[in-house]
Amino acid sequence: MAPRSCVLCEKSKAILKRPKTGQQICKECFFYVFETEVHNTITQSKLFSPGDRVAIGASGGKDSTVLAYVLKTLNERYKYGLNLFLLSIDEGITGYRDDSLETVKRNQQQYDMPLKILSYDELYGWTMDAIVSQVGRKNNCTFCGVFRRQALDRGAAMLNVDHIVTGHNADDIAETVLMNIMRGDIARLGRCTYAYFKKLDYFSTECIYSPDAYRGHARTFLKDLEAARPSAIIDIIHSGEAFEVSEEVKSTQKAQQTCKRCGYMSSNDLCKACTLLEGLERGMASSGITDRARKKMEAEGPAPDNLRTIPFFRLPSGQPAVAIESPS
Amino acid sequence: MASESCGNPTADTDARMIRRPKFDRSKFCVKCKENTGNIVIRHAVYCKNCFMPLLTGKIRRCLESFINDKKSGRRTYLKASGNLLIGFSGGLGSTVLLDLIHRIYFPSKMESERRAESLKGGTAHPRNEMIWQETRVCYVEVCSAFPNMNDRTEEARAVVLKYEPFEFVSLRLEDAFDNKWWAKVGGKPGQGLVIDPTNEALYISKLEDTSLADPVQRLRSYLSALPTPTAIPSAIRMLVRLLLLFTAQSTNSSHLLLATNLTSLSISLISSISQGGGFTVKEEAQEKWSSDIAGEGTSRTVRLLRPLQDIGLKECSFWAWWNELHVIGRDKYPGAKQGIGALTRDFIVGLERDYPSTVSTIARTCGKLVPKAGANGTCVLCDRSLQIGVQEWKARISIRSLSDSTPPPASSRPSLSDHLCYSCVTTLTSRSSKVTARSDGPLPLPVWVQPYLKHSIPSEDSFDVAMEEELKEAGGEIWERRKVDESEMKGKISDFLLEE
């Protein structure tokens, strides 16, 4: 079969077929549509204002690297007037994060952006390696997920940024829509669309040996759907944007409050990170996971006064609270 | 890259999630606490004696709050405002539904005499009348859609007629393209429309092709013009649903019952979401439908309910087994295995084995969802709510041409895609990554689309006239027939004629 020419420029040879539109296009046109679609999302959804400080959640993976590149390119091309920063979280997993942090440091040089690396050790006094040595391999994802989410927000507060952007792509969003329905996570379902535009929903997609079998099933399923009909990913996102949780159900949900210990947003008196950290510190790590263990810890009395806690959370205002590594 | 913190399930068995035991505490029935259990339903154990009333109770709970018309005031007894239509496919679910509905609401003579003794007010009291005056069971035969499929109408009839006083109604899938059926349900027969499925705008023209005069041919052309294996079962499902709804309306039925069970409901919810049907996710569970096809401004509202929606596949199987019900079964559609519907079925059924609560979580979560934006009428094909701004959304999320800043002038040819919901557009246009053997011929539309389109274009006096004019202007496909005289004919071919 003769090579097909690009349906957009009708000149160059098409090298890929876009699942979203079914169109076969060339490399140059792919770059054009990719960048312009990101630009359209930013402008049409009014994500930023001139002068905004924006942190790019950088893991060193392809998605966040592409995001950093595209955002820098668009910021210069369309004169958004944004101050861009790279924000990386170091979970403290020996032999796992080291390489990717090196990538992020290279990005800092290449894209000429200030970088802040915030570690679990610095924030919580625990590395993931230390947590695993206490809790074992089964429930450690709970700790990692909760700690990462809060670390990103705290990193953003330290950098005094107005927005965090993460490199979640359409597959991640579609997977989240399905997962939230299958797990009945009403609170997240409402946030999903918001996350699509604001890119503020965080979960790890990197830990390939994660025992979260459920998410693994969902991911395989999604890939099968995409193979059956490539538009499935975008069709699921369309579905996710078309519905919302009814007002009746929303009114029964817990109101958001602030954690009495660390000031971070929470649905209970203590936020999830403080609950988990207290369990770790008191040597009863499963208290943040099962009701039975929580009751057992409560029976042993209140938290001791000398308990190590997370520094008090303050929303960004004024000057950055930390020194930022600037590209040399 | 291997992580130190997370377990490797292939090498380390401890890293796997622990499978929960099949039942919670004991092997005795949770209800009577005496008998040894015979069935485990999501970790709870039931004996056979307690299982039967459990299922009838679930049906009643699901159905009875929707039987009385709200307008009927403070009536304390059940009385529907119209008749009942039950959809019957011959599968496990519909066999069980038929049996359960019959047992609960249509007891045998002996049983009703026994019950009458304990009835308050005697048999003549309105409270003790039948809830529905007439009950029909409708079977839609789909065998014409594919070659070598068995016609099971007579088998279905034999099953249904065992349940007195149910009346058997037989339909065929091709009725959706048949003017005779359309006239029977109160519609006004039209010439028929076709669309060009190769263009995303789905331009409409009149059906001129005489080879498509037969409804079976139209049905087969419709299915063979669909672009993916996913689209075929979705299209058949939509056609069956509409055939049943129009039949319900024409038989003065206030309720249409379908045998979707909890497992199949979760499958259809996830499958529908995966095909872009998020806006109408509520209607997958139940819907209130009416259609003014006669154009008289009055139409009966049909409530489509799924009384088995709290009952899983396993419970249905046990009911059929213990009551020795004969399930006639259904043929699988050829090619459907690679579609999104079948993939979702495999996924959910597999998940249900390891995580038995998943199906009810899906159904309950979707039950809490409502459409985010307002609706703009209904889709002319599936007759469900039409979300505002679907085309704009599609245009916004993807660049389809390099000259997006100056969009090409809209074609004057009537386009169907503006009147379709996102799901239906996707079904008709979204292609597979592989080349599929689809026909490039015109796609004939079901009989209800033409009258619906007339309603959707209120500014036009007549859709037919408007369409013909637009098509003529655009050099479209409407042919005008007139007698051409001999001299004109000669003039046209003069260049090719040799001098005499």
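Student: How many of the six residues of strand β3 (residues 83-88) of chain B are buried?

Tutor: Six of the six are buried, so β3(B) is largely enclosed by the rest of the structure. Buried means under 20% relative accessible area, with exposed over 50% and partly exposed in between (1.4 Å probe, protein chains only). Strands (E, at least two residues) and helices (H or I, at least four) are DSSP runs, numbered from the N terminus.

Before we go on, some ground rules. This is a predicted model: local features need pLDDT of at least 70 and side-chain atom pairs count only at pLDDT 80 or more, while totals for chains, interfaces and linings use all residues. Side-chain values use heavy atoms, leaving out hydrogens and water; residues are numbered from 1 along each chain as its sequence is written, and chains are lettered from A and ligands numbered from 1 in the order in which they are written.

Student: Which residues of β3(B) point one way, and which point the other way?

Tutor: Side chains in a regular strand alternate between the two faces of the sheet. Here B:Asn83, B:Leu85 and B:Gly87 point one way, while B:Leu84, B:Ile86 and B:Phe88 point the other way, and all are buried.

Student: What is the order of the six strands in the open sheet?

Tutor: Strands of a sheet pair through backbone hydrogen bonds, either parallel or antiparallel. Two strands pair if DSSP finds at least two bridges between them. In chain B the order is β5-β4-β3-β8-β10-β9, and the pairing is mixed. At the edges are β5 (167-172) and β9 (287-289), each pairing on one side only. On average, neighbouring strands here are turned by 25 degrees against each other, direction ignored.

Student: How many bridges join β3(B) to strand β4 of chain B?

Tutor: Five, and β3(B) and β4(B) (residues 135-141) run parallel; B:Leu85 stands opposite B:Arg136. Four bridges join β3(B) to β8(B) (residues 253-257), again parallel, with B:Asn83 partnered by B:Ser253. Next along, β8(B) pairs in the parallel sense with β10(B) (residues 302-305) over three bridges, including B:Leu257 with B:Leu305.

Student: Which strands does helix α4 of chain B lie across?

Tutor: Helix α4(B) (residues 153-161) lies across β3, β4 and β5 of chain B, running at about 160 degrees to β5(B). Contact means heavy atoms within 4.5 Å. Axes are lines fitted to C-alpha atoms, for helices over the stretch in contact, and angles run from 0 to 180 degrees between N-to-C directions.

Student: What is the strand order in the antiparallel sheet of three strands?

Tutor: It's an open sheet in chain B, β7-β6-β14. β7 (204-206) and β14 (443-444) stand at the edges with a single partner strand each, so one side of each has no neighbour in the sheet. Three bridges join β6(B) (residues 193-195) to β7(B), and the partner of B:Ile195 is B:Ile204.

Student: Which residues are buried in helix α9 of chain B?

Tutor: In α9(B) (residues 313-322), these are B:Glu315, B:Cys316, B:Trp319, B:Ala320 and B:Trp322. They pack against β1 (39-41), α1 (48-63) and α2 (92-105) of chain B. After α9(B) comes B:Glu324, with a positive phi near 50 degrees.

Student: At what angle do helix α10 of chain A and helix α12 of chain B pack?

Tutor: α10(A) (residues 232-242) and α12(B) (residues 390-397) pack at about 125 degrees, with axes 12 Å apart. That makes α10(A) oblique to α12(B). The scale is this: under 35 degrees is roughly parallel, over 145 roughly antiparallel, 65 to 115 roughly perpendicular, and the rest oblique. A:Ile234, A:Ile237, A:His238 and A:Glu241 meet B:Val390, B:Trp393 and B:Ile397.

Student: Where do the axes of α7(A) and α10(A) come, and at what angle do they cross?

Tutor: The axes of α7(A) (residues 170-183) and α10(A) come within 9 Å and cross at roughly 55 degrees. That makes α7(A) oblique to α10(A). The α7(A) side of the contact includes A:Ile173 and A:Val177, and the α10(A) side includes A:Ile233 and A:Ile237.
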